[in-house]
Amino acid sequence: MEKNNHTVTEFILVGFTTDPKMQLVLFVVFLGVYSMTLVANATLIVLIGNDSRLHTPMYFFIGNLSFLDLWYSSVYTPKILVTCISEDKSISFTGCAVQFFFSAGLAYSECYLLAAMAYDRYAAISSPLLYAQVMSRRLCICLVIYSYTGGFVNAIILTSNTFTLNFCGGNIIDDFFCDVPPLVKLACDVKEMYQDVLYFLLASNVITPTVLILASYAFIIAAILRIRSTQGRLKAFSTCSSHLISVTLYYGSILYIYSRPSSSYSLERDKVVSTFYTVLFPMLNPMIYSLRNTDVKDALKKLSRFT
């Protein structure tokens, strides 16, 4: 990072608009979304920890996903809120690098965690009688640890390669947070090696978990087809529907942003897509996993009776 200090000491986050009235509207919207994200995810974590009926591998992973989403949303939203109401839109070079690191680390960790959750669903449907033995507590904890380790090791690789670029194209980031597309636009020495690093990280953190998820669902479908009754098939598939929706929304937006060559980045369009997986998705996740889940609803009713 030292070689950039003489060129850029801070970045200016443009955000979504320069119109003061629109910025105030966005502040209210993002504050509401962030508040709902904190309340929904924290409530789900409390419910899972409080109710013994939710002490299963599936809810263990859902609880960890909620914790990750709390952290993930907090990397972006507070700075977005400050940018909306403050005239100072700057973020220091170090601050940008730190935000970038945690952004990448948590995003990659979520990719791995969603893959682990797919394997959990496969184990539950293919071997229901052996489910508790297959998905032991030790295995579940190891999968979560591996998810975070893999995510943050790869984040170190991405951050170190990105923040040793020469940012000679100015210091104005046409986005609401420090991300690959706007930073690449500011760099004047983006070599083919950097693009290779991006493709390597895409393959290891997104493509590989995607393949594992697809393989898990191929085995899940095969297991469901072996169930004789239609009602049994529907019940088995319903246990995967929330995870399938979550995977489709998250991986779809991630692949759209990062699977293209840097020359084809469109900052205005990418801004909208990145808002979805950085700000909205952490709010939607607890709703996806709880709205149609009778166990969670019962746990919420039980908790509300004691409060």
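## Disulfides and fold

Counting pairs of cysteine sulfur atoms within 2.5 Å, the predicted model has 2 disulfides. A disulfide is a covalent bond between the sulfur atoms of two cysteines.

One of them is formed by cysteine 96 and cysteine 178, whose sulfur atoms are 2.0 Å apart. This pair links distant parts of the chain, 82 residues apart, since cysteine 96 belongs to helix α4 (residues 93-126), while cysteine 178 sits in the loop between β3 (172-173) and α7 (180-186). The link of cysteine 96 and cysteine 178 is left-handed, with -130 degrees about the S-S bond, and both cysteine 96 and cysteine 178 are buried.

Cysteine 168 and cysteine 188 form a disulfide as well, with their sulfur atoms 1.9 Å apart. Here the linked parts of the chain are 20 residues apart: cysteine 168 is in the loop between α6 (137-162) and β3, and cysteine 188 is in the loop between α7 and α8. When the bonded cysteines are numbered in sequence order, the pairing is 1-3, 2-4.

Cysteine 142 is in no disulfide, and the nearest cysteine sulfur, that of cysteine 140, is 9.4 Å away from it. Cysteine 240 is in no disulfide either, its nearest cysteine sulfur, again that of cysteine 140, being 16 Å away.

| Cysteine | Relative accessible area | Class |
|---|---|---|
| Cysteine 168 | 44% | partly exposed |
| Cysteine 188 | 46% | partly exposed |
| Cysteine 142 | 25% | partly exposed |
| Cysteine 240 | 1% | buried |

Turning to the fold, the protein contains 11 helices and 3 strands, which follow the pattern α-β-α-α-β-α-α-α-β-α-α-α-α-α along the sequence. Its radius of gyration is 21 Å, close to the 19 Å that the globule rule gives for 307 residues, so the protein is as compact as a globular protein of that length. Along the principal axes, the C-alpha atoms fill a box of roughly 65 × 45 × 30 Å.

Helix α8 (residues 192-225) has 34 residues and should span 50 Å at 1.5 Å a residue, which agrees with the 47 Å between its end C-alpha atoms. This helix α8 bends by about 35 degrees at alanine 203.

Of the 307 residues, 49% count as buried, and the protein exposes about 14,800 Å², of which carbon and sulfur atoms supply 67%. Among contacts between residues at least 6 apart in sequence, 80% join residues at least 24 apart.

How values were computed. Residues numbered from 1 in each chain as written. Predicted model: local features only at pLDDT ≥ 70, side-chain atom pairs only at ≥ 80, totals over all residues. Heavy atoms only, no water. Helix = DSSP H or I, 4+ residues; strand = E, 2+ residues; numbered from the N terminus. Expected span 1.5 Å × (residues − 1). Bend = angle between axes of the 7 residues up to and from the residue. Rg over C-alpha atoms; globule rule 2.2 N^0.38 Å. Buried < 20%, exposed > 50% of the residue type's maximum accessible area, 1.4 Å probe, protein only. Contact = heavy atoms within 4.5 Å. Areas by Shrake-Rupley, 256 points an atom, 1.4 Å probe, with all protein chains shown as cover.
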